[in-house]
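Thanks for passing this one along.

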Amino acid sequence: MKRMLFWLIVGAVVVLGAYIRLAPSDPGIWHVTPLGETNHDSQGSVTRVVETGPVGLARLDAIARATPRTSVLAGSVEEGMVTYITRTKMIGFPDYTTAQQDGDTLRIHARLRFGRSDFGVNRNRVDGWLAALQP
């Protein structure tokens with residue numbers, strides 16, 4: 001009985017891990033315009049609004065693409081908005097970061113997909129990207 005319970009728990013963990021890594025990411029849900037005019041932090045997301053000049057998104061794009069385990073979900077610099085997926089190293093939890101250039105203003109919204117708190121991961125990543133933008 002204990003052995004069966006053990007294998008049921010192991011199976012559930014494997015299925016959950018596979019779902020986290022393989023669940024489709026719908027651009028219609030995640031590739032949306034960042035809203036807001038001020039910086040904002042919450043348990044599972046962060047918003048940053050910074051003046052970068054008109055090339056801020058292009059510069060940020062190069063930084064984001066160089067970040068480990070980060071890929072483009074949708075958009076492009078030419079379109080003026082890009083959404084990235086960054087996955088955690090061990091489990092592969094996806095976080096979504098959308099950056100939009102609006103004139104000289106760069107708006108960035110990063111958020112988690114699973115859970116309620118990201119333990120500051122999105123804030124740290126976005127603030128690191130913005131620090132790398134500084135000359």
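**Notes on the fold and its cores**

1. Let's begin with L106: beyond its neighbours within four places in sequence, L106 is in contact (heavy atoms within 4.5 Å) with R48, V49, V50, T52, G56, L57, L60, A99, Q100, Q101 and L133. Please keep in mind that this is a predicted model, where local features need pLDDT of at least 70, side-chain atom pairs count only at pLDDT 80 or more, and totals for chains, interfaces and linings use all residues. Residues are numbered from 1 along each chain as its sequence is written, and side-chain values use heavy atoms, leaving out hydrogens and water.

2. L106 also belongs to the largest nonpolar core, which has 14 residues; L60, A99, L106, I108 and V126 touch the most other members. Such a core is a set of buried Ala, Val, Leu, Ile, Met, Phe, Trp, Tyr and Cys residues joined through side-chain atoms within 4.5 Å, with buried meaning under 20% relative accessible area (1.4 Å probe, protein chains only).

3. Which elements each supply at least two residues of this core? They are α3 (56-65), β4 (81-87), β6 (105-112) and α4 (121-133), and α4 gives the largest share, four residues. Helices here are DSSP runs of H or I with at least four residues, and strands are runs of E with at least two.

4. A second, separate core has five residues, including W30, L73, A74 and Y96.

5. Stepping back, the protein chain has four helices and six strands, in the order α-α-β-β-α-β-β-β-β-α from the N terminus. Its C-alpha trace spans about 65 × 25 × 25 Å along the principal axes, and 41% of its 135 residues are buried.

Technical notes:
Buried < 20%, exposed > 50% of the residue type's maximum accessible area, 1.4 Å probe, protein only.
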